Amino acid sequence: MSAPPPRRVYFRTFGCQMNEYDTGKMRAQLVADGFVETLEPEEADVILLNTCSIREKAVDKMRSALGDYRSMKRNGKSVTIGVAGCVAQQEGQKLLDQYRELDLVFGPDGVPHVRELVKRAIETRRPVLDTDFLDLDAYPFVSDIDPADHGVGAFVTIQKGCDNKCTFCIVPSTRGVEISRPHTEILDEVRALVDRGVQEITLIGQNVNSYGLKRTGELTFAQLLRAVAAVPGVRRIRYTTSHPRDMGDDVIEAHRDLEVLAPQLHLPVQSGSNRVLRRMKRFYKREHYLDIVAKLREARPDIVLTTDIIVGFPGETDEDFADTMSLLNEVRFVGAFSFKFSGRPGTPALKLKDWVEPAVAQERLATFQARQRELSAEWMHTLQGTVQNVLVEGPSRHDEGVVCGRTGTNAMINFPGPVELVGEWVDVRVTRAFTHSARGELA
Ligand code: SAH
Ligand code: SF4
Ligand code: F3S
């Protein structure tokens, strides 16, 4: 008798790195359980959507995807459909009520036991719901190591959840309270990654600067950076995301002292107006942010900064927006993610009065993005003609015989070269700069 064909699972991921990595963990666990990943939803026995609810648009995208999969089921396909992630956490039972074809709904804390959840959904043939948050002291961080990934860089989760209460943000309610992963576990994982050939480590969490502060005897974030830097074989470290309020001098000193800490930082400011920052409950002022930037530049003169911006927060006036533009011009970010404010269920900002007209918010967004594009392009052009040291990441996705590598400042440079260069550090002369990447040749 031949073995039954393997069950196939299809993943669709929306949202941030947390979700990307949660999907990776689910993939690893289900593959260990005998599943095979398919890239075609039509072929799948199980479809898992890992969802994001940070802005309404993200939820719309997920609803449209879910609509496609449920019609496959209505048309007779036998498939188990699950919704995971932040929308699942936020809507829970409501999703099951709304979509009768759904078999499984679970939040981010369900990821460590995805095998059991999927099994239950298949076997009981009744909708399964799991949106409980796991216990603070016993939260099981699952390894980030994806056996299928042979990249030169890897992400390592150092904390989950968030204890801040930025008034626009849904993350604290979808991801729960902040829990730091023990540093021993983090360092073991870093060592295991280095053994697999990884050279660049990116530490991830929603607010990495507050790492360890709640766990007695735990390292601080600055100490963790130093400990990771001391692991033999770690050649470059990045981290994301930082909150300006918690950006202490000790972290700035780490930028001064640690050569392997990349000269690049994503430091979301959200707004340049103190009035708006106060209404967002960000707990820092524009002046404080600029002060951090000045100190960072003194500590590490080659550091480049990127940020996140929200325009059209309730009550934002033309003057407030002008403050955001002047901050942009003062700091000269090399890149920014910018968004129109989106009211999220249950967040305090929803109750604020005087919402900004959508057309005004749209115009402000366009103004911001146009200036940011100029600044990004200007910065990339300063690289033209220079020689940059890059870590080669892989073949270019578009051109045969071309590989790409990143500078410490996170600029992507494409240049002709054999794939054997992947994992090597090479000097590249930049021949042509674009807005977000550059062309070059081996120097
Ligand atoms: N923890 C990170 C960011 C998480 S969300 C931090 O604190 O910086 C990523 C970005 O999405 C935020 O920085 C913010 O700019 C944006 N964002 C979050 N909620 C939003 C909302 N309701 N409307 C528009 N943008 C939002
Ligand atoms: Fe959201 Fe603020 Fe926490 Fe970032 S720090 S995840 S914006 S609440
Ligand atoms: Fe989205 Fe949840 Fe990440 S809301 S941005 S997937 S933490």
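**View 1. Strand β13 is covered on both faces.** In this predicted model, Val 304, Thr 306, Asp 308 and Ile 310 sit on one side of β13. Leu 305, Thr 307, Ile 309 and Val 311 sit on the other. Every one of these residues is buried. The strand spans residues 304–311, and eight of its eight residues are buried. Residues count as buried at under 20% relative accessible area.

**View 2. Strand β13 pairs with β12 and with β14.** Strand β12 covers residues 264–266 and runs parallel to β13, with three bridges between them. Look for Gln 264, which stands opposite Val 304 of β13. Strand β14 covers residues 335–340. Strands β13 and β14 are also parallel, joined by six bridges. Val 311 has Lys 340 of β14 as its bridge partner. How does the chain cross from β13 to β14? The chain passes through helix α12, residues 318–331. This β-α-β crossover is right-handed.

**View 3. Six strands form an open, parallel sheet.** The order is β2-β1-β3-β4-β5-β6. Which strands are at the edges? They are β2 (36–37) and β6 (128–130), and each pairs on one side only. One residue pair to find is Val 105 with its bridge partner Leu 129 in β6.

**View 4. Five strands close into a barrel.** Follow the order β15-β16-β17-β19-β18. The pairing is mixed. From one strand to the next, the twist averages 55 degrees. Helix α13, residues 358–383, packs on this sheet. The helix touches β15, β18 (425–433) and β19 (437–442). Its direction makes about 120 degrees with that of β18. Now turn to one pair of strands. Strands β15 (residues 387–395) and β16 (residues 402–406) are antiparallel, with four bridges. Gly 394 stands opposite Cys 404 in β16.

**View 5. Ten named residues surround ligand 2.** The shell includes Cys 162, Cys 166 and Cys 169. Phe 168, Val 171 and Pro 172 belong to it too. Asn 164, Gln 206, His 243 and Arg 282 complete the list. How many of the shell residues are nonpolar, polar and charged? Six are nonpolar, three are polar and one is charged.

View 6. Most peptide bonds are trans, and most residues other than glycine have a negative phi. Thr 240 and Thr 241 are joined by a cis peptide bond, with omega about 10 degrees. Thr 241 lies in the loop between β11 (236–240) and α9 (249–257). Phe 283 has a positive phi, near 60 degrees. Its loop runs between α10 (274–280) and α11 (286–299). Is Phe 283 buried or exposed? Phe 283 counts as exposed because its relative accessibility is 54%, and the cut-off for exposed is over 50%. Asn 410 also has a positive phi, near 75 degrees. Asn 410 sits in the loop between β16 and β17 (412–416). With a relative accessible area of 30%, Asn 410 is partly exposed.

Definitions and conventions:
Residues numbered from 1 in each chain as written. Chains lettered and ligands numbered in written order. Predicted model: local features only at pLDDT ≥ 70, side-chain atom pairs only at ≥ 80, totals over all residues. Heavy atoms only, no water. Pairing = 2+ DSSP bridges. Helix = DSSP H or I, 4+ residues; strand = E, 2+ residues; numbered from the N terminus. Axes fitted to C-alpha atoms, helices over the stretch in contact; angles between N-to-C directions. Contact = heavy atoms within 4.5 Å. Near = heavy atom within 4 Å. Nonpolar A, V, L, I, M, F, W, Y, C, P; charged D, E, K, R; others polar. Buried < 20%, exposed > 50% of the residue type's maximum accessible area, 1.4 Å probe, protein only. Right-handed = clockwise from strand over helix to strand, strands pointing away.
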